[in-house]
Amino acid sequence: MARARQERAEITRQAILNGAATAFDLSGFEGTSLSDVVKHAGVTKGALYFHFPSKEALARTLMDEQFQVSERVPAVENPGLQTVIDLTHQMAHGLRTDVRIRAGIRLVIEFGSFTHPDPTPYDAWIDICRSCLTPAQQRGDIHPSLDVRDLSTLLVGAFTGIQVTSHVRTRREDLHTRVTDLWNFLLPTIVPPQRITRFHPTGTPETAPPSPTH
């Protein structure tokens, strides 16, 4: 009986997060009310408050979820530059197909604005990139003169701008193409010429999500 209650509670919690993601994706943090969340989730306000004490708690949970796309990084035997390339395409795929990732990223951008300045999510992504690019540089895949922290900061900023521009211009239909453009222009600058053929700007063929044809 207790297990059944736990399962029902988890189903309700996921429904609330799905409803909140839909609402935040449509209207952003300021434009979403808890009544909107309840409407999209199909639950009562009592159920919502049982799982989440506030709208900000919902937003923080969805922002934290964006890092699930990087959960495989510690399991990669030799994380490196291709790992980061693949992560950008995995995030692009998530933004195009998963409302919870879209909502999380929108909230990160809103909370990182002048109204709600919070660099934490960006710093976390920069650290993830650096943890992959540092061994890549040690193996000779990145020019030794480059500062890996600065490169990681550039990549996170570039991806953020690219996905926002893609959202505004094409509803992210061209996002994989634009991410591939980023790597096609960047790789010759950061990788020694004799090693550049090791890397796939479109993502590793075995793991990259399908990209739209343009």
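Guide: A salt bridge here is a side-chain nitrogen of Lys or Arg within 4 Å of a carboxyl oxygen of Asp or Glu. By that rule, a search of the whole structure finds 13 salt bridges. This is a predicted model: local features need pLDDT of at least 70, side-chain atom pairs count only at pLDDT 80 or more, and totals for chains, interfaces and linings use all residues. Residues are numbered from 1 along each chain as its sequence is written, and side-chain values use heavy atoms, with hydrogens and water left out.

Visitor: What is the mean pLDDT of the chain?

Guide: pLDDT is the predictor's confidence in each residue, from 0 to 100. The chain has a mean of 89, and 89% of its residues reach 70 or more. Where pLDDT is low, the predicted coordinates should not be read in detail.

Visitor: How many helices and strands are there in the chain?

Guide: Nine helices and zero strands. Both are DSSP runs numbered from the N terminus: helices are H or I with at least four residues, strands are E with at least two. The order from the N terminus is α-α-α-α-α-α-α-α-α. In this chain, confidence is lowest in helix 6, at a mean of 89, and highest in helix 9, at 98.

Visitor: What makes Arg96 and Glu173 a salt bridge?

Guide: Their side chains meet at 3.1 Å, N to O. That value is inside the cut-off, so the pair qualifies.

Visitor: Which parts does the pair Arg96 and Glu173 tie together?

Guide: Arg96 lies in helix 5, and Glu173 in the loop between helix 8 and helix 9. The pair therefore ties together parts that are 77 residues apart in sequence.

Visitor: Where do Arg106 and Glu110 lie?

Guide: Both lie in helix 6, four residues apart, about one turn of the helix. Arg106 is partly exposed, with a relative accessible area of 31%.

Visitor: How far apart are the closest N and O atoms of Arg178 and Asp181?

Guide: 2.8 Å, and the two form a salt bridge. Both residues lie in helix 9, three residues apart, about one turn of the helix. Arg178 has 30% relative accessibility and counts as partly exposed; so does Asp181, at 27%.

Visitor: Which residues are linked with Arg178 and Asp181 in a network of salt bridges?

Guide: Arg169 and Asp174.

Visitor: What makes a cavity a cavity, and a pocket a pocket?

Guide: On a 1 Å grid over the protein atoms alone, a cavity is a set of points where a 1.4 Å probe fits but cannot get out. A pocket is an open set with protein on both sides within 12 Å along at least five of seven lines. Lining residues have an atom within 4 Å of a point. Grid points are joined across faces, edges and corners, and a volume is the space filled by probe spheres set on the points.

Visitor: What is the volume of the largest cavity?

Guide: About 300 Å³. Of the 18 residues that line this cavity, the closest to its centre are Met91, Trp125, Val156, Phe159 and Thr160. Helix 8 gives the most to the lining, with five residues.

Visitor: How many residues in the lining of the largest cavity are nonpolar, polar and charged?

Guide: There are 14 nonpolar, four polar and no charged residues. Ala, Val, Leu, Ile, Met, Phe, Trp, Tyr, Cys and Pro count as nonpolar, Asp, Glu, Lys and Arg as charged, and the others, Gly among them, as polar.

Visitor: What is the volume of the largest pocket?

Guide: About 340 Å³. Of its 14 lining residues, the closest to the centre are Asp25, Arg102, His167, Arg171 and Arg172. Helix 6 gives the most to this lining, with four residues. By class, the lining of the largest pocket has five nonpolar, two polar and seven charged residues.

Note on methods
Buried means under 20% relative accessible area, exposed over 50%, partly exposed in between (1.4 Å probe, protein chains only).
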